Amino acid sequence: MPKTTKECLSKRPSPLRKMREKEGVSQRVLAEKCEISRGRLRRLEGKEFDHVTYGELKRISDALGVEPGEMFFGADALTYDFYLGRKGESAFQWDAPGVGYKITSLTPTRKDLFVGRLFVSAKRRLSSAHTPRAGTIFLEMLLGKLRLELAAESYEIEEGDHLLFRGNVGYSIENPLLRDSEAFLLTLPAFRS
């Protein structure tokens with residue numbers, strides 16, 4: 001019988017657990033440092049990592065002394081032979097309700113590639129300070145509209161438009177609409193000079 005996406009992903013090690021073990025920190029010590037219950041940390045290291053909140057991720061990354069994005073983009077190479085994504089499934093989902101956005105991954109993450117969707121809540125603004133670092137960012141609007149400020153320039157992208165920019169410059173993304181907006185999101189390492 002063919003494997004489902006969930007079966008394929010269930011064998012992947014939790015990026016949080018891998019990072020914690022790499023740093024040589026026990027679950028108990030990390031839970032105390034980041035003021036998260038040990039049970040919640042254990043669940044985040046298992047199947048619930050795909051529902052980690054931005055606040056939890058920030059406290060954990062601060063306690064480990066790493067950037068939040070390192071936990072998502074830590075893999076250097078493919079650790080699976082294939083990945084089949086089914087309608088409605090995602091490899092993980094990163095919710096940041098206080099900031100007003102959500103990122104869902106369409107593929108398992110790697111250090112050199114991220115493919116997913118960005119959902120920005122109505123009338124919300126987020127900045128590069130709220131998102132994992134990326135070298136190059138490609139956005140294509142799927143639904144709604146976004147206003148981006150990059151350095152001293154401002155751009156509006158609407159459904160069907162796309163934009164490629166350096167992720168290492170300060171940027172902000174605003175949804176000026178009264179409904180949520182959705183964009184296809186692709187990130188790559190920094191531009192080569």
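Which residue forms a salt bridge with Glu149, and how far apart are the closest N and O atoms?

1. The partner is Arg125, with the closest N and O atoms 3.4 Å apart. This pair links distant parts of the chain: Glu149 sits in strand β6 (residues 145-150), Arg125 in strand β4, and 24 residues separate them. Note that the model is predicted. Glu149 is partly exposed at 34% relative accessibility. Arg125 is also partly exposed, at 41%.

2. The pair belongs to a network of salt bridges that links Arg125, Lys145, Arg147, Glu149, Glu156, Glu158 and Glu174. The structure holds 13 salt bridges.

3. Two further bridges lie within helices. In helix α3 (residues 27-34), Arg28 and Glu32 are four residues apart, about one helical turn. Their closest N and O atoms are 3.4 Å apart. Arg28 is partly exposed at 43%, whereas Glu32 is exposed at 54%. In helix α5, Lys58 and Asp62 are likewise four residues apart, with a closest N to O distance of 3.1 Å.

4. Helix α2 (residues 15-23) buries Pro15, Leu16, Met19 and Arg20. These fall within an arc of 135° seen down the axis, so they line one face of the helix. Just after α2, Gly24 takes a positive phi of about 70°.

5. Leu126, in strand β4, is buried at 2% relative accessible area. Leu126 and Ser172 are 46 residues apart in sequence, yet 5.6 Å apart C-alpha to C-alpha.

Note on methods
Residues numbered from 1 in each chain as written. Predicted model: local features only at pLDDT ≥ 70, side-chain atom pairs only at ≥ 80, totals over all residues. Heavy atoms only, no water. Buried < 20%, exposed > 50% of the residue type's maximum accessible area, 1.4 Å probe, protein only. Helix = DSSP H or I, 4+ residues; strand = E, 2+ residues; numbered from the N terminus. Arc of directions from axis to C-beta. Salt bridge = Lys/Arg side-chain N within 4 Å of Asp/Glu carboxyl O.
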